[in-house]
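Me: I would like to learn how to read the places where parts of a protein model touch each other. Could you take me through them step by step?

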Amino acid sequence: MNAVLIAIVVVPIAVTILTWWTPLHLSRALTIASGIATFVLALTLVPAATSHGFLAAGPALRADALSIVFVVPTAFLYLTTAIFAAGYLHLPEGTAGRRYARRFYAGLNLFCWAMVVAPLVNGLALLWVAIEVTTVVSALLVAIDDTDGATEAAWKYVLIASLGLGIALLATIVMYYAGTKVFGSSYNLSYPALLAGAHRFPPDAVRLADILAVIGFGTKMGLVPVHTWLPDAHSEAPTPISALLSGALLATSFYAILRFFQVSMRALGPTFPRNVLLAFGLASLLLAALYLLSQRDLKRLLAYSSVEHMGILAIGMSFSAPLAIVGVLLHVIAHGAAKGTAFFGAGSVVRKFLTKDLLRIRGGIALLPWSGTMLVLAVLALSGMPPFGIFRSEFLIVSGGLSDPHDAVAAILVVLVTLAFFGLSWFTTETMVTPAPPRLVATLGRGETSWFIVVAMVLGLAGLVVLGVHVPGQLSVLLHHAATELEVTR
Amino acid sequence: MAHPAPSTFTGAADVIAVLVLLSEFAMLRAPLLRSQVRLYAFQSLVVTVLAIVVAATRHIDELYVLAAVSFVLKVVVVPRIVLRLLSRAEVSLAGSSAYGVATMTLIAIAVSIFGFFSIGALHLHSTALPSTALAISVAVVLVSFVLIILRSDVVSQAVGFFSLENGVSVASLVVASGLPLIVDVAFLFDLLVAVVVFGVLMRVHQGRTNTLSTDPLDQLKG
């Protein structure tokens, strides 16, 4: 089984190197092929991880159920984004276009590689290294359009995210310090050892490490009040990168927080790590819901929706019911698919109308019959409408929360999610379903800009419907395994 | 209860941590960007010395390699890159900060005291590892935050991040020198990549706005 684990780590990096040399049409095909291969490999890891408990390849690679839960949506977004990018990129002829394409495709593949590898490495130290790689690659991808906005967004992103990761590194070191009481001064931070010894760690040091990790990795995850880079980077990056940032990168950072959460649960018992996440989650959900009500930029709107969903994830982790934890893990997957699809739709709209301003976009469905309609569906999915996956995951989180002693939190969650629903769906639906002014129809014309975009969105929505109507049996087992791994206390 | 005399290693680690903190303060008040970069090079040199001390006292031979790499990167290459960038810039004075030098220093003293004592309050006593150096390195991290927040030019902010990494390096050397070498090398490699990215973005910024100040970076809000 090790072969699959090694293959999933090797394929994207090999394609990264290849796309640096190949011409554009080949890079495009290679990236899609790599996305398909990675997704298929990720799916084959699902039954293997549930039947064996964990898979390992050498000392550095280890995949348990929790890892696979995060690899699957990342691989899915890799696949759909590769298809979307093929239709989205309109490059100028000549060397400028070639150079852009080369940077873009090598960067895209490397970025996806780092996000696939991060959940598969064994240990907090290597995890930090992988996440830092995602930062530097994605910062360059945010800046790739070389506009004033992109430069500003990239600078803010690289500075704030790097500072966050500096704090996360401090968290890793403090956790190492806690471990020296049990393992002596020389050991590596691999998960099995950490989890086995955690109950003997000094609690104060673990508390510090947990808080530093939530702040540090929370910066990359987009938790309020350390989310400030997120709307800028998401709105100024090329849309395929926005989709990956929102759907996969934030989840990868959440995974890092969960690893610290897992150790803290065993070292401290459930109260402390849950309360830390609850505080950040409530702040994120509240602020995002309010910003969603006043946002008029399509991509920034989706960015704040990401902050909202990260808040939901953090709150969900604070509930004691295992049902809520299963919901949180399902939410990670469903949010990846939904946010990717929504950004693809936004990309299609931006290509057509040449603006992100919601007040100037009218008649989206009339001009873009496929991607406009699917954008509305994706936004409804993001707002928690059935029959899509987010409905199921939010339902699980809320019903888990209502069985919690602190069921008031679940009530607050429902109120804020409803508020966010208004903000998110009102304006986007309005711009999409209003009839198109004749002037716009005349200048822009009806019809899709590219069928690649439509295919990517169909895939995303299909995934969401599958998750919403019936979660496949193996995936359901995987989610329960992962939830059990997270819930073990001392 | 009488405290035992600190070992040579603990003493050396504490002295070096203090030197790193002092150079962080010097960076905070340095008016010239050029001198800020030189102070960073000095600070990195001190951290390299710490790596050698740890390697010698704990007999971890791999750390010599790490020290060599760290010397080349952080004392020679990175300051070179930034200084070259500065030589192209019109103005090499630090961007005007919101507060005067005295206020900045007082704020920095306050946050470093906070950092030092908050680690002390955790009672992380350990016979093998120097907790004082850990507390000081947390203070370094906090002061570098002050530097980044109060200085409004891209060079100070980047140098602030690099020196934050120096602070974390001190912590990792005194506490986590037992981590496998591969991890340490990965850390350093990551830093190098981050530096390159910072360099690229600084140059892009300068190319677009013709300034090193962060004042033009206020277009995206809401």
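Me: How many residues of chain A are in contact with chain B?

Reply: Two residues are in contact if their C-beta atoms, placed from the backbone, lie within 7 Å; here 38 residues of chain A are in contact with 38 residues of chain B. This is a predicted model, in which local features need pLDDT of at least 70 and side-chain atom pairs count only at pLDDT 80 or more, while totals for chains, interfaces and linings use all residues. Residues are numbered from 1 along each chain as its sequence is written, and chains are lettered from A and ligands numbered from 1 in the order in which they are written.

Me: Which helix supplies the largest share of the side of chain A that touches chain B?

Reply: Helices (H or I, at least four residues) and strands (E, at least two) are DSSP runs, numbered from the N terminus. On this side of chain A, H6(A) provides the largest share, 18 residues, and the elements that each supply at least two residues are helix H5 (124-143), helix H6 (148-183), helix H8 (203-221) and helix H9 (230-236) of chain A.

Me: How do the residues of that side divide by class?

Reply: Ala, Val, Leu, Ile, Met, Phe, Trp, Tyr, Cys and Pro count as nonpolar, Asp, Glu, Lys and Arg as charged, and the others, Gly among them, as polar; the side of chain A that touches chain B has 23 nonpolar, eight polar and seven charged residues.

Me: What does the domain assignment of chain A give?

Reply: With bounds from an automatic or database domain assignment, chain A has domain 1 (1-120), domain 2 (121-268) and domain 3 (284-490). The contact between domain 1 and domain 2 of chain A takes 26 residues from domain 1 and 25 residues from domain 2.
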